[in-house]
There are 2 protein chains.
Amino acid sequence: MILDKVNSPSDLKNLSLNELNTLADEIRELIIKKVNTTGGHMGPNLGIIETTIALHYVFNSPVDKIVFDVSHQCYPHKILTGRKEGFTNPELYHKYTGYTAPEESMHDIFKVGHTSTSVSLATGLAKARDLTGGKENIIALIGDGSLSGGEALEGLDNAAVLDSNMIVVVNDNDMSIAENYGGLYKNLQELKDSDGKCECNFFKSLGFDYIYVAEGNNIEKLIEAFKRVKDTNHPVVVHLHTLKGHGLAVAEENKEAFHWILPGTLDKKEEPAPVQSENYVSITTDYILNKAEKDPSIIAISPATPGAYGFTPEFRKKLGKQYLDVGIAEEHAVAAASAMAKYGAKPILAILSSFVQRTYDQLSQDLCLNNSPVTILVHWGALSNGDATHLGSFDIPLICNIPNMVYLAPTSKEEYLKMLDWSVEQKDFPVAIRVPFGNFVSTGIEDNTDYSILNKFKVEEQGSEVAILGLGNFFHLAKDVKDELKAKTGINATLINPRFITGIDEELLNSLKDSHKVVITLEDGQVDGGFGEKISRYFGKSDIKVLNFGGKKEFTDRVPLEELYQRYHLTKELIVDDIKKCL
Amino acid sequence: MILDKVNSPSDLKNLSLNELNTLADEIRELIIKKVNTTGGHMGPNLGIIETTIALHYVFNSPVDKIVFDVSHQCYPHKILTGRKEGFTNPELYHKYTGYTAPEESMHDIFKVGHTSTSVSLATGLAKARDLTGGKENIIALIGDGSLSGGEALEGLDNAAVLDSNMIVVVNDNDMSIAENYGGLYKNLQELKDSDGKCECNFFKSLGFDYIYVAEGNNIEKLIEAFKRVKDTNHPVVVHLHTLKGHGLAVAEENKEAFHWILPGTLDKKEEPAPVQSENYVSITTDYILNKAEKDPSIIAISPATPGAYGFTPEFRKKLGKQYLDVGIAEEHAVAAASAMAKYGAKPILAILSSFVQRTYDQLSQDLCLNNSPVTILVHWGALSNGDATHLGSFDIPLICNIPNMVYLAPTSKEEYLKMLDWSVEQKDFPVAIRVPFGNFVSTGIEDNTDYSILNKFKVEEQGSEVAILGLGNFFHLAKDVKDELKAKTGINATLINPRFITGIDEELLNSLKDSHKVVITLEDGQVDGGFGEKISRYFGKSDIKVLNFGGKKEFTDRVPLEELYQRYHLTKELIVDDIKKCL
């Protein structure tokens with residue numbers, strides 16, 4: 001294997017073109033095998049192998065600095081920068097993260113996982129280089145899908161006026177996760193259609209020099225292009241037309257499905273049968289389809305990650321113009337949804353907990369200050385064993401402290417659907433719903449709550465001495481705690497389902513004072529700034545003791561949930577121990 | 001007066017061009033007089049009078065919908081839409097807000113005050129219109145300065161692919177608040193230099209149809225242009241070259257100084273002498289200038305509002321390449337600063353509390369996840385009597401719940417400068433400093449604290465029974481409360497200056513348990529999600545009573561501070577009353 005000789009980028013420099021091509025094949029094989037075993041980003045990595053080889057052949061990392069956007073396309077880079085064992089040895093498949101990570105290698109400049117950051121980050125490096133007399137190349141590697149994000153566009157506008165070296169490599173594989181959306185992509189298409197020569201060029205309009213590489217998976221052409229821009233004294237865009245999933249036919253043909261795959265996807269003989277059982281995603285899409293058919297003012301909106309919400313190609317097709325994927329443009333999504341609601345439409349915006357972070361100002365100013373009746377579905381809001389870049393534990397502190405917002409935490413199918421329908425039909429409040437994450441629960445009991453009466457908590461079981469407020473995902477933990485407490489101490493605790501995250505039920509809380517000594521709160525997310533602290537504040541001047549359970553303020557990186565639950569005292573045993581200390 | 005006959009936009013339709021021109025002069029005179037009396041946005045409004053008249057002459061508001069960006073240029077619009085009394089009658093000068101406000105008029109679609117939102121909002125209106133069969137014109141009116149913001153760029157990318165009516169009027173007056181910065185502006189200049197005909201056109205590259213109006217203050221030309229695009233069936237940009245401050249010579253000549261003026265500015269015979277007394281802005285700029293001279297790796301960064309931080313033209317000139325105004329691009333500013341720090345430079349980023357909201361995800365992902373040693377100076381963080389769009393009460397909940405961040409609240413010149421210098425020189429943490437707002441305090445006593453020992457609160461005066469934690473701006477209120485409590489009850493309270501917002505001093509808090517019954521927290525901002533709740537959480541399982549004082553979770557709109565302080569119990573008398581109830 002050629003790869004045996006490659007332990008760092010410098011080992012590429014003496015390889016022949018033939019050897020580099022062979023190396024690409026070897027890397028491709030490793031990635032296919034590894035990703036099919038562990039799951040992960042397939043298409044983006046297969047499309048970028050040749051680019052990565054050519055970059056490391058021409059430039060001199062880590063002196064020259066390559067900044068990856070999103071970095072879910074960094075597997076070839078990891079293989080070439082001393083981490084190939086994570087791909088050659090199945091026992092080490094989980095050793096390295098799926099994103100760039102400075103703690104792993106000096107060839108990784110930043111820890112990233114959100115899109116659209118590379119150009120700004122690279123511009124900052126270039127500015128600091130110029131300030132301190134450095135001369136190295138600064139390269140941002142960004143996919144076409146990421147270009148539509150506000151941070152990327154701000155970055156491009158700023159990068160273009162650097163009076164020094166700045167190389168933006170645009171990896172244009174014709175796709176975001178799903179189809180691209182926006183005027184920019186028409187321009188990219190014109191550029192590709194005209195071999196980079198069409199009159200109106202988005203990048204040139206910003207002031208970039210521009211080079212087009214039609215064969216973006218051809219190492220020779222890539223080396224040629226990168227050599228042309230190496231040590232440039234001004235900002236230049238190198239626009240590569242690459243093939244997402246390159247070299248794996250099924251991935252080339254099914255670009256969206258093979259953007260990120262589950263383990264074993266390639267081993268399946270046929271299309272897996274659609275999952276028949278209900279889950280929170282399926283009941284959401286069923287609700288939207290059903291509702292939209294009857295009401296033409298319903299519109300489902302997704303900022304670029306439709307798969308996470310069950311917004312499949314089929315779903316999108318069925319909704320037609322009642323579906324809008326705005327591309328990676330979370331800020332625009334929230335502002336546009338607010339305007340749609342003001343006009344009288346009924347927008348339902350789905351977004352991941354980690355990506356809603358992009359929209360704080362839009363939630364505050366465009367949405368809540370204007371009190372627009374938008375429904376926002378926050379998915380994957382929960383403590384997670386995932387990468388530090390994609391944690392779902394911050395949405396409660398982020399959203400619940402914004403005035404006018406109503407943030408709801410359902411605990412079952414019935415509650416969720418009732419809240420969703422209430423939200424869609426009402427005209428008084430911006431509403432976010434934390435879509436339950438984890439086990440699907442159906443009580444079989446219709447929820448008749450009128451959610452327009454805000455901040456009414458629900459007493460599920462009346463008891464005494466201890467009251468347990470189990471928010472959303474953790475309501476079921478609250479039930480377990482109640483049972484455990486009964487078993488261990490005989491105490492029959494009061495079980496409360498708060499349902500509202502953005503306000504407290506003062507009447508109910510006040511009524512607890514008579515017959516309760518301890519109130520505990522459980523929330524599936526960071527405690528700091530979240531729900532429980534508001535309960536602590538409320539009881540601050542009373543004799544009631546309050547314990548807030550939830551995540552600690554920290555970025556965790558692929559820590560198993562069991563370990564997090566131990567660390568944060570989120571098991572029924574540990575919680576009951578803590579309660580006992582207060583009694 | 002022509003204006004006497006104009007009570008709504010429909011009254012314009014029968015006026016002759018001559019009358020419209022006279023009307024413009026009348027409006028100009030009113031605005032100059034009113035703004036010079038009350039203070040406010042002068043240049044933007046003087047530049048947009050003709051555009052506003054032409055828009056309302058050609059289009060049919062409120063059926064056709066005009067969405068203002070930032071909306072600090074809406075005075076002529078207010079005058080034409082039934083609110084002229086707020087400009088003709090000095091007694092009513094304060095009746096209307098300086099921004100669009102739907103509660104004032106059906107001609108105002110949104111409440112806005114942050115930049116770069118109009119295109120997304122208009123796109124949402126257009127989408128809802130298309131969904132529900134409407135046919136009216138949707139117009140976004142956006143200044144050139146606002147175009148560089150991520151939300152605006154995301155909006156343009158999305159607006160361009162609407163298959164229906166969408167009119168983006170770009171009011172290009174060659175200026176943001178200060179000079180524009182970014183590649184986009186070079187393109188706007190080329191467009192202006194070529195009478196809109198240059199080959200590379202940013203807007204066309206996104207897919208917009210494009211019309212250029214060189215005489216952007218000529219009503220006849222404007223009417224002609226707007227008539228051309230009225231009822232268009234596709235997205236079009238109308239690029240106007242206007243003159244900021246049009247018709248007021250001193251404003252035309254001093255565009256930055258006359259963007260927003262203090263009352264009476266025009267009456268001053270000569271340039272006011274520079275303020276000699278120290279304040280938190282002056283000691284900041286003195287520090288930066290002094291430091292930057294000795295250390296070439298220092299760089300001061302401002303996202304477009306340099307005046308608020310004392311980054312005057314003179315300051316900028318002195319710093320040379322050690323100053324960077326990235327334009328309205330807060331997201332980029334934070335990400336680029338993070339990268340500069342990673343490279344080894346020492347970035348100091350100044351931003352307003354209200355605008356830091358734009359950067360939550362960049363603070364979290366680009367900055368804190370990467371633990372980059374950037375110094376962020378948060379100005380105007382305080383409860384405020386200002387517009388709902390520019391409140392400074394949300395930065396503590398926003399910033400203090402992000403992992404890894406160190407958020408500091410100095411209470412005097414000496415503390416502030418020590419914290420600032422520590423932050424700039426250290427390499428371990430992303431640091432934000434809430435620049436004190438309000439009275440300037442100098443203790444005359446050097447601060448020798450080592451701030452690298454995080455979360456050490458300072459006991460300023462040891463007492464018993466009651467402990468008062470006075471954060472930042474409210475430390476001085478805490479002192480007053482201590483005195484009042486002594487006078488009213490004889491209690492000698494413990495006075496604590498927390499200094500750290502992002503963590504609690506458990507050792508100190510624990511030590512309070514022995515001899516204190518009540519702990520109170522005072523913070524100059526929203527309580528929900530803020531500092532005090534963390535203290536309540538800490539003491540939740542103890543016998544200590546805790547009271548959190550600060551702002552309520554609400555958007556307040558031009559409410560006098562005295563009224564807010566009464567409402568939130570933020571006077572020494574009300575606080576002592578509340579404490580007494582707990583004793």
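Modeller: A polar contact is a pair of N or O atoms within 3.5 Å; within protein, one must be able to donate a hydrogen and the other to accept it, and residues adjacent in sequence count only if both atoms are side-chain atoms. Between chain B and chain A there are 44 residue pairs in polar contact, both residues being at pLDDT 80 or more. This is a predicted model, in which local features need pLDDT of at least 70 and side-chain atom pairs count only at pLDDT 80 or more, whereas totals for chains, interfaces and linings use all residues. Residues are numbered from 1 along each chain as its sequence is written, and side-chain values use heavy atoms, with hydrogens and water left out.

Colleague: How many salt bridges are there between chain B and chain A?

Modeller: A salt bridge is a side-chain nitrogen of Lys or Arg within 4 Å of a carboxyl oxygen of Asp or Glu, and the count between chain B and chain A is ten. One salt bridge joins the side chains of A:Arg537 and B:Asp528, at 3.0 Å from N to O.

Colleague: What area do chain B and chain A bury between them?

Modeller: The size of an interface is often given as the accessible area lost when the parts come together. Here chain B and chain A bury about 8,800 Å², 58% of it on carbon and sulfur atoms, where the area is that lost to a 1.4 Å probe, summed over both parts. The contact (heavy atoms within 4.5 Å) takes 109 residues from chain B and 109 residues from chain A.

Technical notes
Chains are lettered from A and ligands numbered from 1 in the order in which they are written. Buried area is the accessible area (1.4 Å probe) that two parts lose on being put together, summed over both.
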